[in-house]
Amino acid sequence: MTSIHRLTQLALLTALSLALYGLESQLPLPFLAPGAKLGLANIITCVALILLPRQRDTLFVLLARILLASCFGGGPVVLLYSLAGGLLSFAAMSLLCGQKKGRFSLPAISAAGGFFHHLGQLLCASALAASPGLLSYLSVLGPLGLATGLATGLAARAILQRLPLRLIEHPAQ
């Protein structure tokens, strides 16, 4: 893959991720617990984990989206929480993705990512507030993260199934 092709692919995935993040920020979600989101941008993270030849490329897409989204609206506190959740989620998904091929489905990997995203954010909140009791909110956010992660993983799998087979078999081309 040429460097221009790779850069274009990373920029496109980042833009798609930002678009989904922006769309989600416009959706009223009164049925979710405070602090919970659908995690639509995670669809692109899951697609990138499968399509991109190197996990560091997926990490680049994730970090670019987090940094840009925080600049567009949110500021340093949102950046801190997003980084904590995003990096822990990415670590968990990368670990599961790197396991024996086919051992974990993409929806299962994404569900784990949803759970660990909330765990990372709650760990960050607990550290900032010096209040370990905040981790008890994981009993609410944890199952929501599993459910929304499963849904985004199913969406990512549906997208991947519709891509030309040559992109999935030979992502480096």
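**Figure 1. Where helices H2 and H4 meet.** In H2, Asn42, Thr45, Cys46, Leu49 and Ile50 are in contact with Phe90, Met93, Ser94 and Cys97 of H4, contact meaning heavy atoms within 4.5 Å. Sorted by type, the residues of this contact are 6 nonpolar, 3 polar and no charged; here Ala, Val, Leu, Ile, Met, Phe, Trp, Tyr, Cys and Pro count as nonpolar, Asp, Glu, Lys and Arg as charged, and the others, Gly among them, as polar. Two packed helices are described by the angle between their axes and the distance between the axes. For H2 (residues 42–51) and H4 (residues 75–97), the axes come within 11 Å and cross at roughly 35°. Each axis is a line fitted to C-alpha atoms over the stretch in contact, and angles run from 0 to 180 degrees between N-to-C directions. The crossing of H2 with H4 is right-handed, that is, the near helix is turned clockwise from the far one by less than a right angle.

A word on the model behind all these views: it is predicted, so local features need pLDDT of at least 70 and side-chain atom pairs count only at pLDDT 80 or more, while totals for chains, interfaces and linings use all residues. Residues are numbered from 1 along each chain as its sequence is written, and side-chain values use heavy atoms, with hydrogens and water left out.

**Figure 2. The protein as a whole.** The protein has 7 helices and 0 strands, where helices (H or I, at least four residues) and strands (E, at least two) are DSSP runs numbered from the N terminus. The radius of gyration is 16 Å, close to the 16 Å that the globule rule gives for 173 residues, so the protein is as compact as a globular protein of that length. This radius is taken over C-alpha atoms, and the rule is 2.2 Å times the number of residues to the power 0.38. Along the principal axes, the C-alpha atoms fill a box of roughly 50 × 35 × 30 Å. Of the 173 residues, 39% are buried; buried means under 20% relative accessible area, exposed over 50%, and partly exposed in between (1.4 Å probe, protein chains only).

Figure 3. Leaving aside residues up to four places away in sequence, Ser82 touches Ile66, Leu87, His117 and Gln121. Counted in the same way, Tyr81 touches Gln121, Cys124, Ala125 and Leu128. Tyr81 and Ala125 are 44 residues apart along the chain, yet their C-alpha atoms are separated by 7.6 Å.

**Figure 4. An aromatic pair, Phe115 and Phe116.** The structure holds 1 aromatic pair. The ring centres of Phe115 and Phe116 are 5.5 Å apart and the planes stand at 85°, so the pair is edge-to-face. Rings of Phe, Tyr and Trp (its six-membered ring) pair if their centres lie within 6.5 Å; planes under 30 degrees apart count as stacked, over 60 as edge-to-face and the rest as tilted. Phe115 is partly exposed at 24% relative accessibility, and Phe116 is partly exposed at 29%.

**Figure 5. Ala130 in a loop.** Ala130 is found between helix H5 (106–129) and helix H6 (138–162). Most residues other than glycine have a negative phi. Ala130, although not a glycine, has a positive phi of about 50°. With a relative accessible area of 67%, Ala130 is exposed.
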